[in-house]
Amino acid sequence: MDNGGSSTNIGKYVDKFFDMLVLYDDNLVFKDGTKSNHDYKGLLKAAIDVFLNHQSNYTAYEVYQTFFMMYQITPEDKSEIDEKSPDVLISEPNYLLDLVDIMRKYEENTGELINWQRDHFIHSVNVFILGLAVYAQNQSYRAIFQNYILKNKHYKKYYRIDGNFSHEEFLYRWGVAALFHDIGYPFEIIGKQLDKLIEDGIKNISHSYDNVKMGLDFRDFDEFNVIAKLDPFDYADQYRERYSDSKVLDLFKPTDIMAHKLKLDFGFDNEVYKKLIKHLNGFPRFMTERDFVDHGFFSAILVLNSYGKLIQKYAKKDKDFFFYPIVDSATAILLHNYYSNALQKPPFNFGKLRPKQSPISYLLILCDELQEWNRQPYGVLDVKENHVNDLDVVIDDEYMKVIYILNNGPMGFGFSKKKDDVIDNVLEIQDIFLGKLSIRTKIELDNVIRDISIAEIQAPNILLRNVEKLARQINDEYNEEVKAKLDEAIKKGDEKEIAEYKEKCSYLCDFEDLSADYKISNVRQAKSIPKKLSMIGCEIAHIDDERDEITKFDEKEIEDLAIFEHVDWCRERKGTGWSYGDVKNPEERRTPYLVSWEKLPDDIKDMNRKATENIPNLLNSIGLKVVRNKIRLLTFKMHQFYETGSLDDKSDGEKRFKELPKYVQYSNYKQADYLVKILKEKGFELVSLNDSRDKIHRFDEEDIEYFAKREHEGWLKLKLNLGYAHLPIDESDIQKIEEGIRESHNPNLVSWEDLDINVKKANKDTFINLPNLCEDPNVGLKIVRRQ
């Protein structure tokens, strides 16, 4: 069995699928005996191969475009050809492809308004490809799908080759389901935008808004949940004749259509069927009351609305095309979230989904969950390029093995157990794999921590006068650095470097004489210094501040901040119209350095490192210095108290803290930041000792219970996100689960209610002693009531 990476395995499995595939259009023989001589299969395969080599919106759209052009619904009858004018139909609007384009543009243009808005466009293509791989590799699934198609005596128009079942039937149904399963995601974006407005904006005005939540109230749902009626003879007449129980339904209503489809597939009795119709028609209100949006529900309706109209308009001879393959795909889109959100809960209480009940639904749930990992956040520059992530998949009739490989990236790590549990709770995996589905994660922990830190840091304020001073100083030091590089090149006699740095020197000038672009670039770098320092637990202070000055960063901090500087520079350059070019050309706004850190030349990396190393000196030059910020000092003190149980321990808490692994340090940083948040929830805040407000000496019992519970919930969420698992064994027992990964199996990874009483007491002790920890001379904070 080949255990290579995704570029080998998934590509190989896709090759096998296309080797099995014969397309109807490629082998069409017209009545006059001529052949079509198309190679649509080759076009689709080429689009997928290019996408696998370089995943981007551009290559993803090529896959969408090829698929929906292959299966464009038009007035022409492909089985006939007009001898006089074989190309009568030159063009026809492709409404389905237009829908895809709308989704892509909407997601790109609105993503920056949401925290960690995930890509759905590229993701859907990855889901599509993974489904092709499963189909190609697993004979059990192929047999189940074929039996599902053939058992329906009413549908005789499925794809055939020489009278036999064709794999194109799977390609078509799966393509519609996988590529359209997130088409309704803008409905979810709207609610998230409103929540973010409350969270980021209004809550900062007053903590009285802390409990405000926004939801999507779809008051005109009945107008949306309808297929336009174009067929005067009612396109559903034939369907009603076949199924007498459908005569009472409105078959221009997507929810009624899908409810009947589910009844046929699952064999519901009438009581369950009636509940399902009622639940689907009332689902928008159900979602609003529970403060969530299931975009799959809206995606399914959009698909039925779109295809329903097109098929009435063009498919004059056969409306079954809508009621079988299209409704099958749309129902799969519905179920990919609705099955676990609704059907596995009261009043339905369904068990695990079996592939024979709905093969496309089953595969969509599986592939969507497995591909829910490395999805690009919109609004963050070149995430795909900066993160060296991969997916190793091995599939056959015995088992499916999935390994997520995160060399860096803001996804967190070790989420394999959670993903395994989600799939195992919803799907009957052993119906297609004789062995258990195996999901693992391999990560370089410190790289992940670095990227999470970059992604989550806040931007402290800095006065404009200081920004200007720093920007001037940055320009002066850059000029000196480039001149020094030229001198080095001259000493070495390196003609190439001499020419390169002479060219760079030709652009050097005083700050006042810089072009607007370069002046703003220096300002950007100056404004980024507080963000960089925040990332490593530091901040800017006046030179007279009583805290110890940080004059030197460690090697890891320098590397992290240098990478951040390059990412920030790339964002600035792209935002001001620059693009990549092999040779720098300011007139055309092209630069060879608009690449990931890994691809950056060593000398440019060194310049970023030196700029980072020089931050303390740069700040000193304008009367400022680098110090540990007080929340980080509190973090050190809290960890010291946790270790010793003493408020009076005089050992060097910061030194001991920095000896911890990076990911443990990060965990503690996150907990301290979370502490600030939960204090605000009860109307408290942390301020400097020189604040005029009266300090809080102690919390009452109710507040202590609340804080301890919320702190545990935050710790639990963080640990689960970092891959820790609950096992009722000693906390110190750390098992090596996978190569390069150590996951602590912690007995405290349970809800607050189930937590051991002694652990609860320890959590409460933190908040009992918190006022004293804050007031430690090395911390210099106090707790006050929020104004």
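This is a predicted model: local features need pLDDT of at least 70, side-chain atom pairs count only at pLDDT 80 or more; totals for chains, interfaces and linings use all residues.
Student: What do buried, partly exposed and exposed mean here?

Tutor: Buried is under 20% relative accessible area, exposed is over 50%, and partly exposed lies in between (1.4 Å probe, protein chains only). The areas come from the Shrake-Rupley method with a 1.4 Å probe, and for residues only the protein chains shown count as cover. Val393 counts as buried at 1% relative accessibility. Its place is strand β3, residues 389-395.

Student: How are helices and strands assigned?

Tutor: They are DSSP runs, numbered from the N terminus: helices are H or I with at least four residues, strands are E with at least two.

Student: Which side chain meets Arg173 in a salt bridge?

Tutor: The general idea is that side chains of opposite charge can pair when their charged atoms come close. A salt bridge is counted when a side-chain nitrogen of Lys or Arg is within 4 Å of a carboxyl oxygen of Asp or Glu. Arg173 pairs with Asp328, at 3.0 Å from N to O. The two come from distant parts of the chain, 155 residues apart: Arg173 is in helix α7 (residues 168-180) and Asp328 in helix α15 (residues 320-343). Asp328 is buried too, at 1%.

Student: How many salt bridges does the whole structure have?

Tutor: A search finds 43. Among them is Glu369 with Lys419, at 2.9 Å from N to O. Glu369 sits in helix α16 (residues 359-370) and Lys419 in helix α18 (residues 416-426), so this pair ties together parts 50 residues apart in sequence. Glu369 is partly exposed at 22%, whereas Lys419 is buried at 3%.

Student: Where do Glu775 and Lys695 lie?

Tutor: In loops: Glu775 between α30 (757-774) and β13 (781-785), Lys695 between β10 (684-688) and α29 (701-721). Their salt bridge has its closest N and O atoms 2.9 Å apart. Glu775 is partly exposed at 24%, and Lys695 is partly exposed at 34%. Elsewhere, salt bridges that share partners join Arg524, Lys532, Glu565, Asp568, Arg571, Glu572 and Arg573 into one network.

Student: Which residues form the positive surface patch that includes Lys153?

Tutor: A patch takes residues with over 30% relative accessible area and no salt bridge, joining like charges within 9 Å and nonpolar side chains (Val, Leu, Ile, Met, Phe, Trp, Tyr) within 5 Å. Lys and Arg count as positive and Asp and Glu as negative, with His and the chain ends not counted; each charge is placed at NZ of Lys, CZ of Arg, CG of Asp or CD of Glu. Here Lys153, Lys156, Lys157 and Arg160 form a positive patch. Lys153 is exposed at 61%, in the loop between α6 (139-150) and β1 (160-161). A negative patch consists of Asp476, Glu480, Asp510 and Asp513. Asp510, in the loop between α21 (495-505) and α22 (516-535), is partly exposed at 46%.

Student: How many disulfides does the structure hold?

Tutor: A disulfide is a covalent bond between the sulfur atoms of two cysteines; the cut-off is a pair of cysteine sulfur atoms within 2.5 Å. The structure holds 0. Cys367 is buried at 0% relative accessibility, and Cys774 is buried at 0%.

Notes:
Residues are numbered from 1 along each chain as its sequence is written. Side-chain values use heavy atoms; hydrogens and water are left out.
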